[in-house]
Amino acid sequence: MRFAAWTTALLATAALLLLAACSALTAPERPPAMPRITMSPAPDASAVRPDKGLVVTAHDGTLTALSAHAGDVTVPGSFNASHTVWRSDWALAPGTEYVVSATAAASGGATARITGRFRTLSPRRSFDVLSVTPNDHETVGVGMPIILTFDRPVEDRQAVERALEVRATPLANPAAYGQHDTRAYSASYSGPVDGAWHWFSDSQVVFRTSTLWPARQSVVFTAHLAGVRAAPGTYGTADRTIAFSVGRRMVSTVDTRTHQMVVRQDGEVAQRMAISAGMATTREYTTTSGVHLTMDKGDPVRMISPGRKKGDPEYYDVMIGHAVRISNSGEYVHAKNNVWAQGRANVSHGCVNARPDQATWFYDNALRGDPVIVTDTDRLLEWNNGWGFWQLSWYEWLKGSALREPGPVRAFISPMIPPNLETSGVARTELT
């Protein structure tokens, strides 16, 4: 009996221990996760650097709604793939108050909300766009660059270049010739062919495509400079936008050996012109070979001999009609009634002259940015002579970008030039 009682007590004790052990294995239920929202700049912050932008982040949840305003202006931005982070697309405007409201939700249904305001700093110095080419609403040729000049030197080229946006799309009813699909080449450029910026100085940067623009494009350029930090204490205070169109493809070739100029529009010959080029007795009287762009035109244009004064040999001071400029060294395609030389001899002071009626046709049809490719002289067009940007290869062009890296150097073997390709063995570039 005593043994039975001891066994019964032992079993009871074991049962109690087992019950206690089982109870210990059952963890209490965790409370549902509560989402949390943070924003940078923080609510009520003042004198905030505008170049840092606005970032709103959800912790333990996802952002379900967000609004950010500066007065009546909505701040553009985007979510990441998981909807946990929202970032403003561009820098914020300096000296401006912003109001932010955001909502987040957790998987269990819990929600959180934040509302805050902050103010960006007022800069000690500002910088702005001094000039931009082409003009707003201008129709240009297929070689046209975008030339941007600032009113102050830029120290942080990466920050400024990152704020320059170019979007190109075909016009509503484009012709079939030369069209390409639009694609995004970077966060701030989309278009039919690759394109990049090249810094020529601390105050000037130029955009060029890798090959000529396809014909009939609509291009919108925006410099999102408001809030961009160009140098310590120096910020942009305003954005700048222009819209322009790329017109038909007009490319001219000038063969100074045969004294002929051929103008093609959309691949078809529109004019064959007998011409006379520079006499080449001196460097300044030698027409430059390479890829020129038409820059402006006048009727008439006053032309004065370079480096000479009245009474000197070969001095001239004349008014020339229907003149289209193609460089900064005094070169024009213009009218001149010396048909005895045109098609036979080069007797000009460096310009390309043609019969008045044909020069008038070229003048009337030329757009700024039309390529004029000159061959067979012993003076090359410098890349910084006018708009000689196409004298740089794409590899060389990318080396001038603060954001793009050029690819490996490739050996280039010049093929036979197809008869329908308006290019030159002299020009060091790829135009197709």
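A charge is said to sit over a ring if NZ of Lys or CZ of Arg is within 6 Å of the ring centre and within 35 degrees of the ring normal. By this criterion, the charged end of R183 sits over the ring of Y185, 4.2 Å from its centre, and R208 lies over the face of W397, at 5.0 Å from the ring centre.

The model is predicted, with local features requiring pLDDT of at least 70 and side-chain atom pairs pLDDT 80 or more, while totals for chains, interfaces and linings use all residues. Residues are numbered from 1 along each chain as its sequence is written, and side-chain values use heavy atoms, without hydrogens and water.

Strands (E, at least two residues) are DSSP runs numbered from the N terminus, and two strands pair if DSSP finds at least two bridges between them. An open sheet of mixed pairing has six strands in the order β11-β21-β18-β13-β15-β14. Because β11 (139-140) and β14 (183-186) each have a single partner strand, one side of each edge strand lacks a neighbour in the sheet.

| Strands | Bridges | Direction |
|---|---|---|
| β13 (residues 164-170) and β18 (residues 217-223) | seven | antiparallel |
| β18 and β21 (residues 240-246) | seven | antiparallel |
| β13 and β15 (residues 189-191) | two | parallel |

Rings of Phe, Tyr and Trp (its six-membered ring) pair if their centres lie within 6.5 Å; planes under 30 degrees apart count as stacked, over 60 as edge-to-face and the rest as tilted. Ring pairs link Y185, Y189, W197, F207, W213 and F221 into a cluster.

Note on methods:
Helices (H or I, at least four residues) and strands (E, at least two) are DSSP runs, numbered from the N terminus.
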